[in-house]
Amino acid sequence: MNNIIIDGVVIKINGFVKQQSNKGIMYITDSEVADEQFKDFLRIYDMYSFSGEYFNSMIEDINFHGRFGQLIYSKSEFCYKLRLVFVDSKYDSEDNFFPSFDFQNSVSFINMTKRISEQELIINNLINILNKNNLINDDDVRQLKKFNQEDIKEIRFRMSREVDDLDKYLTSIHDNLTDIEKE
């Protein structure tokens with residue numbers, strides 16, 4: 001498997017495990033995206049990571065109609081390393097629907113990541129203001145508490161998917177492609 005191009009973004013597939021069932025096919029991949037395309041990749045990941053939002057591509061010389069599943073990534077020297085799952089659209093059919101509890105949709109997780117995102121923005125704003133003025137006043141305090149929702153969304157996304165070193169992380173949880181093949 002080499003490269004997959006989706007909406008102009010090149011995803012280099014370094015290896016994969018194909019999991020096939022009566023529900024459909026999933027490709028669990030170790031992939032890369034170039035630094036300069038990572039923001040575009042995040043845009044298309046956001047577009048195509050929900051049931052009902054699909055892209056067409058070629059995987060193993062077979063037409064693939066599906067979406068993105070799990071994403072975990074880390075920054076390396078010249079690219080971003082990805083554990084990226086491709087999910088066949090058949091997985092999303094009503095016949096295959098089963099309710100599941102996703103901790104990322106729990107109230108406590110949502111509230112915690114929102115609060116942490118807000119705090120990170122406040123700290124960053126404080127540092128910038130203190131560097132600029134070398135002191136703080138009432139206007140500075142108001143500025144510290146001002147941020148937009150897109151910044152919060154970006155931080156929450158990173159918190160739930162970014163790791164320091166993808167290879168070490170996958171090894172530590174016994175989730176390398178060779179581990180998955182053994183299952």
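**Strands, rings and a helix: questions and answers**

User: Where does the charged end of lysine 75 sit, and how far is it from the ring centre?

Analyst: Happy to start here, and please keep in mind that this is a predicted model. The charged end of lysine 75 is found over the ring of tyrosine 80. A charge has to be within 6 Å of the ring centre to count. Here, over tyrosine 80, the distance is 5.3 Å.

User: Why is strand β3 described as largely enclosed by the rest of the structure?

Analyst: Strand β3 covers residues 24-34, which makes 11 residues. A residue is called buried when its relative accessible area is under 20%. Strand β3 is largely enclosed because the number of its residues that are buried is eight.

User: Which strands pair with β3, and in what sense?

Analyst: Let's take the partners in turn. Strand β2 (residues 9-21) pairs with β3 over nine bridges, and the two form a hairpin with two residues between them. Strand β6 (residues 79-88) also pairs with β3 over nine bridges.

User: How are the rings of phenylalanine 55 and phenylalanine 64 arranged?

Analyst: The structure holds 16 aromatic pairs. In one of them, the ring centres of phenylalanine 55 and phenylalanine 64 are 5.9 Å apart and the planes are at 45°, so the pair is tilted.

User: What kind of pair do phenylalanine 64 and phenylalanine 86 make?

Analyst: Phenylalanine 64 belongs to strand β5 (residues 62-75) and phenylalanine 86 to strand β6, so this pair ties together parts 22 residues apart in sequence. Both residues are buried. Their ring centres are 6.2 Å apart with planes at 85°, and planes over 60 degrees apart count as edge-to-face. The answer is therefore edge-to-face.

User: Which residue caps the N-terminal end of helix α4?

Analyst: Helix α4 has 13 residues, 149-161, and reaches 19 Å from its first C-alpha to its last, close to the 18 Å expected. At its N-terminal end, a side-chain oxygen lies 3.0 Å from the backbone nitrogen of glutamate 150. That oxygen belongs to the capping residue, asparagine 148.

User: Which residues of α4 are buried?

Analyst: Helix α4 runs over residues 149-161. Its buried residues are Ile152, Ile155, Phe157 and Arg161.

Technical notes: Residues are numbered from 1 along each chain as its sequence is written. This is a predicted model: local features need pLDDT of at least 70, side-chain atom pairs count only at pLDDT 80 or more; totals for chains, interfaces and linings use all residues. Side-chain values use heavy atoms; hydrogens and water are left out. Helices (H or I, at least four residues) and strands (E, at least two) are DSSP runs, numbered from the N terminus. The expected span of a helix is 1.5 Å times one less than its number of residues. Buried means under 20% relative accessible area, exposed over 50%, partly exposed in between (1.4 Å probe, protein chains only). A polar contact is a pair of N or O atoms within 3.5 Å; within protein, one must be able to donate a hydrogen and the other to accept it, and residues adjacent in sequence count only if both atoms are side-chain atoms. Two strands pair if DSSP finds at least two bridges between them. Rings of Phe, Tyr and Trp (its six-membered ring) pair if their centres lie within 6.5 Å; planes under 30 degrees apart count as stacked, over 60 as edge-to-face and the rest as tilted. A charge sits over a ring if NZ of Lys or CZ of Arg is within 6 Å of the ring centre and within 35 degrees of the ring normal.
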